[in-house]
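Hi there,

Here is the structure I promised to pass on. Please have it open while you read; my notes follow below.

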Amino acid sequence: MTASKFDLSDNYALRMALEQIADVEGDADAYIAQQSDLARKAPQVAAEIARRLLEAGRIEDAWVAINTPDEKDRGWISYEWEVTRISAMQAMGQTDTVRDFMWECFASSLNPDHLRAWLGGLPDFEDVKAETRALEHALGFESFTTALHFLMTWPAIEQAALLITNRAAEIDGHHYELLGPASDALEDRHPLAATLLKCGLINFALQNARVKRYRHAARHLRECKNLAARIDDFAFFETHEAYLEGLKQTHGKKTSFGGQSVSFYLTKLIGWSVLSDSFNDEAPPTMKTIT
């Protein structure tokens, strides 16, 4: 049974059922028959087709299928398409070419799985030099956030700290789930880098009036104060005192509490948490305590 006997464009369930039957029977051609010509040019579908052809031992057909998507129109490429293409290249014995493609995949995404595969095929002692090349590439990667995530999870803490100090202007405090744990992990050995991440979180909360983050912002500023005592050289970055003064200058005059204008309240709360010895994370001051 093939797609030609039915108008499957309006019957997704039927097409899925036919695909499942084809898989159960191990019939790659039957699976392919359910895909339109346009669908076969999509990287995800091309990967599904190529994987089935590889399992059937049809290596050359798999190579044609995985390369069906036009390179100019591929857009976002899934990890599945990349690894399937790597499998096809390996099956064809393209040893040198597949290694080049592994690096290309890593270089464009910083996907650690691609890096592990690339390093895994190297002779002993060459992998250290190759890893250094990869970490240097990460330091200049277009997306600061992606680079930081990669370096922290690889892990390469020294390079992560270097990334932060070299590209501090690119810190995006919106990514609390990354910057929070990263700043904590950097505190012991890299207090300046940890401070810069915490300041990024504080700045984002203030600039965007994220009231739900005020408790975290208060804690981060208190941590910055503690870290400042361990920083021998702030280089060209602000000292803690200068940073605190900058917060007052930028947000201290925002006195309206109507609508979304809550930055003044947040700033005053953070300032209180740093200066008061009685600060308690479990019992933050209320509006009435801030005058």
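Which helices do the buried residues of helix 4 pack against? They pack against helix 3 (43-55) and helix 5 (79-91). Before going on, please keep in mind that this is a predicted model.

Helix 4 covers residues 59-66, and its buried residues are Ala-62, Ala-65 and Ile-66. Looking down the axis of helix 4, these buried residues fall within an arc of 90°, so they line one face of the helix. Glu-60 and Val-64, on the other side of helix 4, are exposed.

Next, some backbone geometry. Most residues other than glycine have a negative phi, and most peptide bonds are trans.

- You will find Phe-125 in the loop between helix 7 (112-120) and helix 8 (126-139). Its relative accessibility is 77%, so Phe-125 counts as exposed.
- Ala-209 is not a glycine either, yet its phi is positive at about 50°. Ala-209 sits in the loop between helix 12 (191-207) and helix 13 (214-228). With a relative accessible area of 16%, under the 20% cut-off, Ala-209 is buried.
- Trp-154 and Pro-155 are joined by a cis peptide bond, with omega about 0°. Pro-155 belongs to the loop between helix 9 (144-153) and helix 10 (157-166).

Best wishes

Conventions
Residues are numbered from 1 along each chain as its sequence is written. This is a predicted model: local features need pLDDT of at least 70, side-chain atom pairs count only at pLDDT 80 or more; totals for chains, interfaces and linings use all residues. Side-chain values use heavy atoms; hydrogens and water are left out. Buried means under 20% relative accessible area, exposed over 50%, partly exposed in between (1.4 Å probe, protein chains only). Helices (H or I, at least four residues) and strands (E, at least two) are DSSP runs, numbered from the N terminus. The arc is that of the directions from the helix axis to the C-beta atoms. Contact means heavy atoms within 4.5 Å.
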